[in-house]
Amino acid sequence: MLQCKDVTDETSNFIEGDLPLSKRIALFLHLVLCRCCRNYVQQFRQTINTVAVTQPQEMDTTDRQALARKLHAMCDKTNHGDS
Amino acid sequence: MIKNLIDGDTFAFEHVVAEYHNLMLSVARAIVGDSIADEVVQEAWIAAIKALPKFEGRSSLKTWLVQIVSNGAKSRVRRENRYSSLDDGWQAVPSDKFDHTGHRIDNVAQWETATPEALLSNTQLQKVIEQAFLSLPAMQRATMTMVDMEGYKVDEVCNILDISSSNARVLLHRARVTVHDAIERYQDN
């Protein structure tokens, strides 16, 4: 019988469908009996969804407009056989 | 989009940089570390622009750019004999949520305010998630970015970052646990 700690450790694999069948069934049975773990798996799904929505970004100081201009200028040169 | 780039459409360059720079930076940081990642990404952009006329469209532009930055970063690692640990700077938070038999001793309740709809109006929670994300080691950030934000499969992440499938799964899970725990603390306050 799986313990709550096992469920916590395997939540990602469970959600991704990456568990072998026997473990998947054991985890499913645990979820039927344990409200806390059911809520935890639900919270974990919400976490994944919220990351997809909020799209946190890398810390970055690059001036992206300037980079785009630089690449554009380079492309112009390449197109005109100037490089 | 490729044709627009080759034709020199200014908007296309701005769009492509805005769309893919963050992902490329994330991949580079995971492979070579923070200190030279910017340089590696700049080199990757330049290599991509030079190779643009030869781009055959067998993969998406995103896949192609990520492949260029990944290859550039890996060759930099080989050339400079660099080594970056999978979980640089990461420490597991000791869990006080289970008893000695592995049973939960805390009460896990349902969340009310972490739905995507609620998030759109909750800037404080967005900040909590951003801070948790930025606190992750580069490998975890890159894995989470690729799988949870960009829709990559774990196997694709393994090829891009040159890590095993089990490592990728562990990194992804740890990243999610950290963000989950940050949201949980916010919910509890």
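Modeller: **A covered helix**

The buried residues of α4(B) are covered by a set of elements that includes α2, α3 (34-51) and α8 (154-161) of chain B. Helices (H or I, at least four residues) and strands (E, at least two) are DSSP runs, numbered from the N terminus. A residue is buried if 20 or more other C-beta atoms lie within 10 Å of its own, exposed if 12 or fewer, and partly exposed in between, with C-beta atoms placed from the backbone.

This is a predicted model, where local features need pLDDT of at least 70, side-chain atom pairs count only at pLDDT 80 or more, and totals for chains, interfaces and linings use all residues. Residues are numbered from 1 along each chain as its sequence is written, while chains are lettered from A and ligands numbered from 1 in the order in which they are written.

Start with the helix itself. Helix α4 of chain B covers residues 61-79, 19 residues in total. From its first C-alpha to its last it reaches 27 Å, close to the 27 Å expected at 1.5 Å a residue. That expected span is 1.5 Å times one less than the number of residues. Its buried residues are B:Leu65, B:Val66, B:Ile68, B:Val69, B:Ser70, B:Gly72 and B:Ala73. Just after the helix, B:Asn81 takes a positive phi of about 55°.

Now look at a partner. B:Met24 is in contact with B:Leu65, B:Val66 and B:Val69, and also with B:Val41 and B:Ala44, leaving aside its neighbours within four places in sequence. Two residues are in contact if their C-beta atoms, placed from the backbone, lie within 7 Å.

B:Met24 and B:Val69 also belong to the largest nonpolar core, which has 62 residues. They are among those with the most contacts inside it, along with B:Val27, B:Ala28 and B:Val41. Helix α2 (residues 10-32) of chain B gives the largest share, 12 residues. Domain 1 (2-79) and domain 2 (116-188) of chain B both contribute, so the core lies between them. A nonpolar core here is a set of buried Ala, Val, Leu, Ile, Met, Phe, Trp, Tyr and Cys residues joined through C-beta atoms within 7 Å. The domain bounds come from an automatic or database domain assignment. In soluble globular proteins, nonpolar side chains tend to be buried together.

Step back to the whole chain. Chain B has 9 helices and 0 strands. Of its 189 residues, 37% count as buried. Its C-alpha atoms fill a box of roughly 60 × 40 × 30 Å along the principal axes. Among its contacts between residues at least 6 apart in sequence, 69% join residues at least 24 apart.

Chain B also touches chain A. The contact takes 40 residues from chain A and 48 residues from chain B. On the chain A side, α3(A) supplies the largest share, 15 residues. A:Phe44 is found in that helix. With 21 C-beta neighbours inside 10 Å, A:Phe44 counts as buried. Its contacts beyond four places in sequence are A:Thr11, A:Ile15, B:Arg176 and B:His180.

Last, confidence. Chain B averages a pLDDT of 88, and 91% of the residues score at least 70. pLDDT is the predictor's confidence in each residue, from 0 to 100. Where pLDDT is low, the predicted coordinates should not be read in detail. The model scores ipTM 0.89 and pTM 0.89.
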